[in-house]
Amino acid sequence: MPTWLVILITVIVAIALNIGILVGIGRGVAALVQTAGNSRHDGYGPHARRSNPQPSARPDSVSAAFDSYYTQQYTWTSCDQGDACTTVKAPSNWSDPSSETIKLHLAVHYAEGDDSKGYLFINPGGPGASGADWLKDFIEYTATDDLREDYDIIGFDPRGVADSAPISCGDDSQLLNRYFLADPITSDNLDSSRKLANTFANSCREHSGTIIDHVDTQSVAHDLDLMRALMGEDQLDYLGFSYGTYIGSTYDAMFPKQTGRLVLDGAIDPQEDATTSIVEQAVGFENALTTYLDDCIDNDDSCPFTGMKTSDATAIIQSWLARADTDPWPPPQAKR
């Protein structure tokens with residue numbers, strides 16, 4: 001397959017699946033790095049040599065009944081997702097210290113310099129994307145040299161995702177296809193759409209247990225604060241993309257005294273309803289595709305659309321997507 005087609009397909013798939021909003025990444029990362037020289041961690045020493053730092057103080061807003069979580073021990077072990085991985089325990093319900101315990105999965109890329117300035121937590125958005133799986137791609141394609149040099153970078157799986165108490169909706173392929181490939185909701189099919197949604201939700205509850213009641217942004221923010229403390233940090237440094245910006249802003253609202261440097265890239269408006277958000281995203285994706293095609297046609301001699309109008313190139317891409325509806329592209333092999 002030609003290199004230009006691989007690149008173009010990657011752009012299209014990223015747009016279609018909303019795997020993070022990449023516009024402005026460089027500015028966001030640069031904003032974080034620019035403050036590194038004045039870090040409160042200057043002279044702190046390489047985190048890679050701190051196998052299990054003492055937990056930081058529990059915030060006053062968190063009940064002392066959760067102290068066992070804030071003082072737990074954990075062990076880093078080698079893994080394919082980063083330099084090391086670990087799991088930490090969290091309550092399934094942050095309003096009930098006696099609730100079932102769940103495990104949260106983290107992967108770390110240790111600072112490549114001699115003197116780490118602290119832990120930086122990252123999240124790619126989704127919601128539902130694995131930060132641990134994304135860590136290597138972030139290090140290779142997004143993180144600047146300075147960021148890799150100065151920070152121990154942690155990608156984590158939010159609760160309900162991948163290796164952190166994952167939600168399952170069963171393996172009934174007919175139900176999954178009916179739900180995910182359902183026609184758009186109209187006044188004519190409203191009742192049947194509600195029935196299908198309820199059937200799907202019941203299947204998720206049946207296969208996931210009580211954790212499904214506590215997979216929400218506020219609980220993820222609580223988990224982040226727990227991880228922040230267990231890493232020995234007084235404040236959270238965090239870089240979030242797309243929906244990850246909502247996690248970051250929620251953390252800031254809940255734990256202002258524990259909030260360090262936040263970079264929120266491709267921020268979403270939590271006050272928007274779902275329909276408005278979808279429409280505005282579609283406009284953004286269309287603008288991004290048009291900008292890409294304009295640049296490709298005007299500035300790249302190897303562009304496959306050279307000599308075309310942008311509208312003609314868009315029509316070709318639309319034909320590819322339409323063909324994929326009847327003759328799908330094979331999925332990539334899963335990497336775990």
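Me: Taking a disulfide to be a pair of cysteine sulfur atoms within 2.5 Å, how many disulfides does the count come to?

Reply: By that rule the count comes to 3 disulfides. This is a predicted model, in which local features need pLDDT of at least 70 and side-chain atom pairs count only at pLDDT 80 or more, while totals for chains, interfaces and linings use all residues. Residues are numbered from 1 along each chain as its sequence is written, and side-chain values use heavy atoms, with hydrogens and water left out.

Me: OK, how far apart are the sulfur atoms of Cys296 and Cys303, and which hand does their link have?

Reply: The sulfur atoms of Cys296 and Cys303 are 2.0 Å apart, and the link is right-handed, with 115° about the S-S bond. Cys296 has a relative accessibility of 5% and Cys303 a relative accessible area of 6%, so both count as buried (under 20% relative accessible area, with exposed over 50% and partly exposed in between, for a 1.4 Å probe and protein chains only).

Me: And Cys79 with Cys85, what is the torsion about the S-S bond there?

Reply: The torsion is about 75°, so the disulfide of Cys79 and Cys85 is right-handed, and the S to S distance is 2.1 Å. Cys79 is partly exposed because its relative accessible area is 23%, whereas Cys85 is buried at 5%.

Me: Which distant parts of the chain does the pair of Cys169 and Cys204 link?

Reply: Cys169 and Cys204 are joined by a disulfide with an S to S distance of 1.9 Å. Cys169 sits in the loop between strand S4 (152-156) and helix H6 (173-180), and Cys204, 35 residues apart from it, in helix H7; helices (H or I, at least four residues) and strands (E, at least two) are DSSP runs, numbered from the N terminus. The torsion about this S-S bond is about 100°, so the disulfide is right-handed, and both Cys169 and Cys204 are buried.

Me: Switching to Ser208: where is it, and what does its side chain reach?

Reply: Ser208 is in helix H7, which covers residues 190-208, and its side chain reaches the backbone oxygen of Ser168 at 2.8 Å.

Me: Now helix H10, how many residues does it have, and which of its residues are buried?

Reply: Helix H10 (residues 274-299) has 26 residues and reaches 37 Å from its first C-alpha to its last, close to the 38 Å expected at 1.5 Å a residue, where the expected span is 1.5 Å times one less than the number of residues. The buried residues of H10 are Leu289, Leu293, Cys296 and Ile297. At the start of H10, a side-chain oxygen of Asp273 comes within 3.1 Å of the backbone nitrogen of Thr275.

Terms used
Polar contact = N/O pair within 3.5 Å; in protein donor to acceptor, adjacent residues only side chain to side chain. Disulfide = S-S within 2.5 Å.
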